[in-house]
Every structure is written in structure tokens, then in C-alpha cells.
Amino acid sequence: MSRLDDELRMAFRHEQPSPDFTDRVLEQISRQPAPRIRWWQTLVALFQPPTLKWVAIGATAALLVAIGASQYARLHPGVIDDGDKVEKTADGSSAGASGEVPGASAPDPRRVAQAPPQAPKPRLNSVRHLVATSNTKPRDARPKHRLVNPEAEAARDKVMLALQITSATLNDAQQAIRDDGYKAQP
Amino acid sequence: MVGWEGTIALENQAAVALEDTLERSAQGDQMAFAEIVRQHQGMVFGLACHFLRDRWLAEELSQEVFLNLHQNLRSIKSPAHLTFWLRKVTSHRCIDQARRQKVRPQVSLEDVPEPFTRATENDLLLSELLKRVVDTLPEKARMVVILRYQEDLEPAEIAKVLEMPVNTVKSHLRRSLSILRDKLSRTLGEVTQ
């Protein structure tokens, strides 16, 4: 350490500005307009660590709900189609409100004449009937014809799996939030 | 009497307090920001004042630095990062200012007068002479010398602040000190040897 070093340290000491320097800085800050947050800054902020966790949880949940909804939408028309088939088989040739099924062949008059008189069957309105029966009967007692579509069964399994994953993810998220809360407490 | 353990405890306490102040000011607390300004204005203004040799210009520049800090408070991660950020921004702004407005005094090394008397300890004239000789150095070399002796930084730290290779910083320092020794050899006499 030479004298030159000492002299340089002495010469280049911290200097204090005028006493009202801090006040002037604060005044200038108060005069400045609030910083405009642009859309891309908001977008970038979403990918910063604290927010990223919530974005990931939200995106996963939304994705799972979308998958579930699409699978449900695929399953639902299948049930209605099955109902139409059931209606046809249950009513036979006399099914439908008008007594005719479009595209079905006309009944054989001889067979109609020879056929024993049948007890009047309740008029089946396909979808309403199926909904009513499915709502009143327990799951196992549902008519077998509802479960004949293997594609619908597979879709239902997928929906159930998706809902289970969603539930597990939300549980994990809740646990993480609780852990964070404990850590944040002094 | 406070021993070294007590000193470390006090330093830790101060660091925690500064961290708290930084966090509060990032959340919009103006009083906390004023505290940060008060704590660092000596360093920022000192760098600007020694470099530009103009108090008014140095105050303007220091204000701009603190305004810039206020806009970037969220990106500051710790008190150490804050100090580094302030040094870096002030240094770069000073160099830019000097280049833009040709603030650098138009005095050549030969024009700096030799002192007539031998210097004594804490001689203000000597300090003034040292500053005037440093003023004749190129911008980056000047800032290297100021950071080295005002902030007591090592060459590696100066290199980070000024974003230049460590060896360049070392060579700037060597050359600047050599010039200073040559110029002041008569004043400081055998002490510089």
C-alpha cells in the first residue's frame, strides 16, 4: 500500500449531494405518470416463478376439464342413438308416435292378421323414457342395452380417469398452497 | 465494547433491515425508497461528481439513476444486487454523458500545473491535483480509477461493473497509476517509490 493509494482514497471519497436531494428525487417520482404495463409485460409476468405455478395448475385443470367435456360429448350422442335403437326393438313395427319408422319395411298383413292380440304397451318416447329409467333405477339395474356400446364405455372410463387426475392435481395444489402459507408465517 | 461477533451480528442486522426496506419500497412504500436513496446517494453522487467534475451535472445524473432505480425496483433481488446495479448504471451513464457532451475537460496532462510546495498529509491541494490528473485519463480508465479508490473494488469486481475483461481493468489501473506517479513524483517524493 503506497502513499499514492492513500492519497487517491482520500481524494475519491463519497460525496454528499445537496440536502434536499432526496426530496427532489421523490418529487420527480411523484410527478412521473404511473408506468404503463403493456400486454407483453403481463404475458411475461405470467411466466415468472410465483405466478408460473398457478398458471400451470390452471392450465392443467382447464385441459382436463376440456378433455372430460369432449369425451362426455362423444358419449352422450351414443346414449341417445342407443335409445332410438331400443325404441325400435321394443315397439317393433308399431314404434314411434306416428306408428311408422322411416325407412322400415311395411308390416306383413298376413302376420298382422295371425298375430294374437297384444296387451297395449306404454308408448315409449325414447330419450325421455331412457332418462327417466336411468334416473330412477340404481346403476346396476340399468338396462343392459345402455352398456352395449364399447366405445361409449371406453370414453366413460377416460372421463372418470380424467376427473380422478384433476382431483389429485387440485389436492396437490391445495397442499402446496397450505405448505407455502406455513412457510410464509414467521 | 463490541467484539467481532458483535460486529458481524450488527452487520447481519443492517443487511436484514436493508432487505426489508428494499422489499417495502418494491411494494410502493415511498418512505422506504427515500431511505434507500439516503443510504446510497453518497456513492452514486460521489461517482458522478468525481467523474464529471461538475456538481450540478452530477446531481442531475444521480437523480436520473434513482428514477431509473424506482422503475426497476422489482428486478432488484438483494441489497448486494442493489449496490452492484447502482454502481453499474451510474458508471455507464457517466461514461455516456462524458462522450455525448464532451464534458471531459479540455486540459491536457501537460497543462496540469506542478505544485510548488511538498504535500502534507490530507493535503487538499494534493487531492485536487490528483483529481485533475485523473480527469485527463480516457473515460473508461478514469472510471476504473474512481471505482478502485472510491468504492475500494477489486479488478474483478470493476470488470463486472464495467463489463470488460479483468486484464483490461488491470492494464488501465497500471497505466493510470504510472501516469499519476510520473506526474506527482516531485510532490510525493520518495513515498511513491
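Analyst: **Loops, a bent helix and the core**

B:D152 counts as exposed because it has 10 C-beta neighbours inside 10 Å (exposed means 12 or fewer other C-beta atoms within 10 Å, buried 20 or more, partly exposed in between, with C-beta atoms placed from the backbone). This is a predicted model, in which local features need pLDDT of at least 70 and side-chain atom pairs count only at pLDDT 80 or more, while totals for chains, interfaces and linings use all residues. Residues are numbered from 1 along each chain as its sequence is written, and chains are lettered from A and ligands numbered from 1 in the order in which they are written.

B:D152 is located in the loop that links helix 6 and helix 7 of chain B (helices are DSSP runs of H or I with at least four residues, strands runs of E with at least two, numbered from the N terminus). Its phi is positive, about 60°, although B:D152 is not a glycine. B:E163, in the loop between helix 7 and helix 8 of chain B, also is not a glycine and has a positive phi, about 55°. B:E163 has 9 other C-beta atoms within 10 Å and so is exposed.

Helix 2 of chain B is followed by B:R53, where phi is again positive, near 60°. At B:H40, helix 2 of chain B bends by about 55° (the angle between axes fitted to the seven residues ending there and the seven starting there).

The largest nonpolar core contains 42 residues (buried Ala, Val, Leu, Ile, Met, Phe, Trp, Tyr and Cys joined through C-beta atoms within 7 Å). Helix 1 (3-11) of chain A supplies at least two of its residues, and so do several helices of chain B, including helix 2 (30-52) and helix 7 (155-162). The most, 10 residues, come from helix 2 of chain B.

Among the residues with the most contacts inside this core are B:A48, B:F51 and B:C94. Leaving aside residues up to four places away in sequence, B:A48 touches B:A58, B:L61, B:S62, B:T90 and B:C94 (contact means C-beta atoms, placed from the backbone, within 7 Å).

Where the chains meet, chain B contributes 32 residues and chain A 23 residues. Helix 2 of chain B provides the largest share of the side of chain B that touches chain A, 11 residues. Chain A itself has seven helices and zero strands, and 7% of its 186 residues count as buried.

Key: Two residues are in contact if their C-beta atoms, placed from the backbone, lie within 7 Å.
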